[in-house]
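The following note comments on the model shown below.

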Amino acid sequence: MPSPLSEEEIKENFDRLLDAVHETAKIRGERLLNQTHSVLVEKSEGSQLTGRLSYDTSVHFEGDPCLVGKLVDVKLTKSHGFYYMGKINMQEHCLQKLLRGAQK
């Protein structure tokens, strides 16, 4: 059965839908900006770490590769709609490291 819409109408509708998805992601992403959240560090490429928030959103930030597999506090500094850029809270991280060293 042929489509009641032309190829041009299909493309226009898809583009409108895509614009709405991106705008919604932008609005939702901006709600968390400048907040600090726990991030599970999943991988590193040199000093560029990638982790996930508790609801599965990716966060990219600079840090030590030894943090892979650890939970760290990261301040979300920039939203890209479907992922964030952040800055690790080194003060908190160093405090936790000192406390672990004192327990040994």
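Which residue stands opposite Gly86 in S5? Leu76 does.

1. Basis. This is a predicted model, in which local features need pLDDT of at least 70 and side-chain atom pairs count only at pLDDT 80 or more, whereas totals for chains, interfaces and linings use all residues. Residues are numbered from 1 along each chain as its sequence is written, and side-chain values use heavy atoms, with hydrogens and water left out.

2. Strand pairing. Strands are DSSP runs (E, at least two residues), numbered from the N terminus; two of them pair if DSSP finds at least two bridges between them. S4 (residues 71–79) and S5 run antiparallel and are joined by five bridges. Three residues lie between S4 and S5 in their hairpin, and Gly81 in the turn has a positive phi of about 85°. S3 and S5 run parallel, joined by three bridges; Val59 has Tyr84 as its bridge partner in S5.

3. Faces of S5. In a regular strand, side chains alternate between the two faces of the sheet. Along S5 (residues 83–88), Tyr84, Gly86 and Ile88 point to one face and are buried (under 20% relative accessible area, 1.4 Å probe, protein chains only).

4. Phe61. This residue lies in S3 (residues 58–62). Phe61 counts as buried because its relative accessibility is 1%. Beyond neighbours within four places in sequence, its contacts include Val39, Leu49, Val72, Gly86 and Ile88 (contact: heavy atoms within 4.5 Å). The C-alpha atoms of Phe61 and Lys75 are 9.4 Å apart, with 14 residues separating the two along the chain.

Note on methods
Helix = DSSP H or I, 4+ residues; strand = E, 2+ residues; numbered from the N terminus. Buried < 20%, exposed > 50% of the residue type's maximum accessible area, 1.4 Å probe, protein only.
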